[in-house]
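Open the model in your viewer and keep the selection tool ready. The tour goes stop by stop.

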Amino acid sequence: MSAEPLTLAQRLARQIDAGGPISVAHYMAEANQHYYGTRDPLGAAGDFTTAPEISQMFGELIGLCLADLWMRSGSRQNAVYAELGPGRGTLASDALRAMGSTGFAPQSYFVETSPTLQERQRALIPNVFHRDSVGGLPDNAPLLVVANEFFDALPVRQIVRTGDEWRERVVICPDEDQPDRFEALPGYRRVESGIPAIAADAPEGAILEIPLAGTAIALDLAQRIARQGGAAIIIDYGYEGTAIGDTLQAVREHRFADPFLEPGESDLTTHVDFTMIGNMARQAGLRVMGPIGQGEFLRQLGIDARADQLARTTPARAAEVEAARLRLTDGNAMGTLFKAMAWVHPDWAEPAGFER
Ligand code: SAH
């Protein structure tokens, strides 16, 4: 008789039972690794839809932006296209086609940990090289990097104001008979370093998020670009300045869900701290542009003209193209909550799209 394999929830419940509460960061890391590793979560039949899945215009405009930047920076033949967390590979496929139309055909490298999504990406871009971290990217060529909705999926540490201290926020499994149901609460462990000055007077129960994984990856990537040349375009749902608050959310079948129910079965994200992302690049010696709203970014790259052109060449799709343009750029949809930032090596030209 063979035992049923344990679900992630059961494994986490046993871990907690044996070793005590786990940090929110640990919980989020395990949940997302399982979630992305076991499915393709994108699109109407999945859990959520991202900008490149809404319209080909998104990837095309980013591709043209990179090709233009590359040409104005001296057309270095060995430059590579590197994407972090490419999902289905749709953005890359649209961007590479647009770059190719200008005569720029870089080799692609994808940083992707999900075997399921790697396979999907290879079906669309057969000659791509997969890497499981930024450390695996080539170290002898300029990097043109794109990361769309990548940083929001990385685990964050949460700390909670408790009396006049900050404590690690931890996860427990309160009821053995319901191993799918978890709960977060302030742990016993005091946190003393890495707390921003503006949080000094935070009220009891306030939550602060510390993007440990995101900070490490951003710094690694920025140092690579500083040594090797190139640029990065980072797009995500995020904010500037230190924000106090719990932004951890779960999405399943296009609806918000409870992040502490059935770990690994919904997409866990937090809002991205663009101040931190910009600071890592500046520390490495790069120039930083933005963040600006996704709507403004896409308009400055010419989305209105591209939409008109697509509507003229395929009149049957005119309404669909217009709906996609609005969804990507409107302030009531993705236009302002989603933000774009660029980093560029000081010897490279500034990318278009970030004019204020
Ligand atoms: N950029 C895509 C997909 C966003 S979903 C789009 O816009 O459609 C997040 C992506 O990041 C998925 O491809 C997921 O597998 C990948 N991912 C999540 N955590 C990761 C990690 N720690 N390292 C590498 N890839 C990761």
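This is a predicted model: local features need pLDDT of at least 70, side-chain atom pairs count only at pLDDT 80 or more; totals for chains, interfaces and linings use all residues.

Is Thr162 buried or exposed? Thr162 counts as buried because its relative accessibility is 18%, and the cut-off for buried is under 20%. The residue sits in strand E6, which covers residues 157-162.

Now show the side chain of Thr162. Which backbone oxygen does the side chain reach? That of Val160, at 3.2 Å. Next, display the neighbours of Thr162. Leaving aside residues up to four places away in sequence, Thr162 touches Arg167, Pro186 and Glu204.

Go to Glu149. Find this residue in the loop between strand E5 (143-148) and E6. Check the backbone: phi of Glu149 is near 50°, a positive value in a residue other than glycine. Most residues other than glycine have a negative phi. Glu149 has a relative accessibility of 18%, so this residue counts as buried.

Jump to Glu253. Here, too, stop at the backbone. Phi of Glu253 is near 50°, and the value is positive although the residue is not glycine. The setting is the loop between strand E11 (249-252) and strand E12 (255-257). Is Glu253 buried or exposed? Glu253 is exposed, because its relative accessible area is 54% and the cut-off for exposed is over 50%.

Select Gly290 and Pro291 together. Look at the peptide bond that links them. The bond from Gly290 to Pro291 is cis, with omega near 5°. Most peptide bonds are trans. Pro291 belongs to strand E15, residues 287-293.

Finish inside the protein. How many cavities of 30 Å³ or more does a search of the whole structure find? The search finds 1. The volume of the largest cavity is about 120 Å³. Two elements each give two or more residues to the lining of the largest cavity: strand E14 (272-273) and helix H8 (274-283).

To centre the view there, select Val156, Pro211, Thr270, His271 and Asp273. Of the 14 residues that line the largest cavity, these lie nearest its centre. Then colour the lining by residue class. The lining of the largest cavity divides into 9 nonpolar, 3 polar and 2 charged residues.

Methods: Residues are numbered from 1 along each chain as its sequence is written. Side-chain values use heavy atoms; hydrogens and water are left out. Helices (H or I, at least four residues) and strands (E, at least two) are DSSP runs, numbered from the N terminus. Buried means under 20% relative accessible area, exposed over 50%, partly exposed in between (1.4 Å probe, protein chains only). A polar contact is a pair of N or O atoms within 3.5 Å; within protein, one must be able to donate a hydrogen and the other to accept it, and residues adjacent in sequence count only if both atoms are side-chain atoms. Contact means heavy atoms within 4.5 Å. On a 1 Å grid over the protein atoms alone, a cavity is a set of points where a 1.4 Å probe fits but cannot get out, and a pocket is an open set with protein on both sides within 12 Å along at least five of seven lines; lining residues have an atom within 4 Å of a point. Grid points are joined across faces, edges and corners, and a volume is the space filled by probe spheres set on the points. Ala, Val, Leu, Ile, Met, Phe, Trp, Tyr, Cys and Pro count as nonpolar, Asp, Glu, Lys and Arg as charged, and the others, Gly among them, as polar.
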